[in-house]
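This report goes through the strand pairing, the helix packing and the nonpolar cores of one protein model, in that order.

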Amino acid sequence: MKATVPKIVSIAASELDELVSNVEGTNEERCGFLLGHDNGVRVVTHVVPTTNIASSNRHMRFEVDALEYLRAEKFAASMQLTLLGIYHSHPGSPAIPSETDLRNAQPYFSYVILSVISERFKEIRSWRLNQAHQFEEETVIL
């Protein structure tokens, strides 16, 4: 039987502060990119907020502009970093992926979700797709 390697995402206090400041104070989903290094443990060194361009239901949906994605990839390459994943908030909901999150997810990325209750940060969790295209929770080290 093949042993599974633990999936770990490390987020420093400064990056967590940036994530929290980006998602608090609104009932719309906020989103952005997580950049850093992956040497068995994903270490987030840069948070790059982006605009939620969803045309409707922004309190339940987020969409990232394709040009913003390309800019994040170029920035990561210029800094010798890797685009590790995407973060977004769940206003009024737990930090658990929705069916929409699952439908839109891509392999490799970590999906960090921040639960925001009454416009205040409550919880952070991270998820990654497995080979069966289902989310598995990653351990978040703060």
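## Strand pairing and the barrel

Two strands are taken to pair if DSSP finds at least two bridges between them. In this predicted model, strand 1 meets that condition with strand 3 (residues 42-50), to which three bridges join it in a parallel arrangement. Within that pairing, serine 10 has valine 43 of strand 3 as its bridge partner. Strand 1, which spans residues 8-11, is also joined by three bridges to strand 7 (residues 135-141), again running parallel, and there serine 10 stands opposite isoleucine 141.

These pairings belong to a closed barrel of seven strands in the order 1-3-2-4-5-6-7, in which the pairing is mixed. On average, and with direction ignored, neighbouring strands of this sheet are turned by 40° against each other.

Which residues of helix 1 are buried? They are Glu15, Leu16, Leu19, Val20, Asn22 and Val23, and because they cover an arc of only 160° around the axis, they lie on the same side of helix 1. Ala13, Asp17 and Ser21, on the other side of helix 1, are exposed. What covers the buried residues of helix 1 includes strand 1 through to strand 6. After helix 1 comes glycine 25, whose phi is positive, near 85°.

## Nonpolar cores

The largest nonpolar core has 18 residues, and those with the most contacts inside it are Phe33, Leu35, Ile86, Tyr111 and Phe135. Two or more residues are given to this core by each of strand 2, helix 2, strand 4, strand 5 and strand 6, and the largest share, three residues, comes from strand 2.

Leaving aside its neighbours within four places in sequence, tyrosine 111 is in contact with Ile86, Asn104, Ala105, Gln106, Arg125, Ser126, Trp127 and Phe135.

Definitions and conventions
Residues numbered from 1 in each chain as written. Predicted model: local features only at pLDDT ≥ 70, side-chain atom pairs only at ≥ 80, totals over all residues. Heavy atoms only, no water. Helix = DSSP H or I, 4+ residues; strand = E, 2+ residues; numbered from the N terminus. Axes fitted to C-alpha atoms, helices over the stretch in contact; angles between N-to-C directions. Buried < 20%, exposed > 50% of the residue type's maximum accessible area, 1.4 Å probe, protein only. Arc of directions from axis to C-beta. Contact = heavy atoms within 4.5 Å. Core = buried A, V, L, I, M, F, W, Y, C linked by side-chain atoms within 4.5 Å.
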